[in-house]
Amino acid sequence: MKFFAKNYSYNKWLPDLPKAVVLACSDGRIQEYQDKFLEEHLGTTNYDRVFIPGGPGALAVGDQNEYKSRSSQVWAEVSFMIEAHLLKKAVLIFHGAAGDGPEAAVCGDYFRVHPDLTGVEMAKKQIEDALAAKAKIKAAYPQVSVEVFRLAVDRQSHVQFILIEDLVE
Ligand SMILES: [Zn+2]
């Protein structure tokens with residue numbers, strides 16, 4: 001085995017522990033906005049990532065058995081990061097269309113898991129899942145502050161981040 005070969009060098013690796021875990025959808029179309037939002041509005045740059053289809057929605061135990069095991073797996077990974085890195089902050093980001101937004105902006109994983117829901121029903125389900133995911137983390141890790149947002153794309157394709165509590169009627 002060789003240890004030196006053609007390589008790509010970057011700055012020095014830093015051992016500092018990340019300050020937060022971010023749980024978000026793996027959809028490549030939202031990452032650039034998300035990175036900016038995390039840095040500019042939350043001051044979060046050094047964070048652990050749990051990026052999977054559906055993001056924090058994957059924590060919600062659906063009625064569908066096939067997604068129940070994914071939910072436990074995601075919970076195990078999030079717990080591992082919180083404990084291993086002594087994290088005090090979790091940021092959960094759901095994504096989809098705003099009320100007037102394009103259907104193409106709806107999270108594909110929500111379509112997969114809930115094929116029977118309309119776009120508006122899907123947004124309601126995300127709010128429900130968001131509150132449940134936050135409660136689950138707070139119950140197990142009261143020392144962790146949990147902030148939950150929904151990235152919504154509107155009719156003009158503008159991207160907004162809305163605090164989940166502001167969406168609760
Ligand atoms: Zn998605």
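These legends walk through several close-up views of one predicted model. Residues are numbered from 1 along each chain as its sequence is written. Because the model is predicted, local features need pLDDT of at least 70 and side-chain atom pairs count only at pLDDT 80 or more, while totals for chains, interfaces and linings use all residues.

View A. Five strands make up an open sheet, ordered β2-β1-β3-β4-β5, with mixed pairing. Strands here are DSSP runs of E with at least two residues, helices are runs of H or I with at least four, and both are numbered from the N terminus. Two strands pair if DSSP finds at least two bridges between them. At the edges sit β2 and β5 (159-163), each pairing on one side only. On average, neighbouring strands are turned by 20° against each other, direction ignored; axes are lines fitted to C-alpha atoms, for helices over the stretch in contact, and angles run from 0 to 180 degrees between N-to-C directions.

**View B. Helices against the sheet.** Helix α1 (residues 31-42) packs on the sheet and touches β1, β3, β4 and β5, where contact means C-beta atoms, placed from the backbone, within 7 Å. The direction of α1 makes about 135° with that of β3. Helix α2 lies across β1 and β2, at about 175° to β2.

**View C. The parallel pair β1 and β2.** These two strands run parallel and are joined by five bridges. Look for A20, whose bridge partner in β2 is Y47.

**View D. The largest nonpolar core.** This core has 39 residues, and V21, V22, L23, A90, L92 and I93 touch the most other members. A nonpolar core is a set of buried Ala, Val, Leu, Ile, Met, Phe, Trp, Tyr and Cys residues joined through C-beta atoms within 7 Å. Buried means 20 or more other C-beta atoms within 10 Å of a residue's own, exposed means 12 or fewer, and partly exposed lies in between, with C-beta atoms placed from the backbone. Leaving aside residues up to four places away in sequence, I93 touches V22, A24, Q34, G55, F149 and L151.

**View E. The β4-β5 hairpin.** β4 and β5 pair in the antiparallel sense over five bridges, and V153 stands opposite V159 in β5. Five residues lie between the strands, and S157 takes a positive phi near 65°. S157 counts as exposed, with 10 C-beta neighbours inside 10 Å.

**View F. A positive phi at L86.** L86 is found in the loop between α2 and β3. Although not a glycine, L86 has a positive phi of about 50°. Most residues other than glycine have a negative phi.

Technical notes: Two residues are in contact if their C-beta atoms, placed from the backbone, lie within 7 Å.
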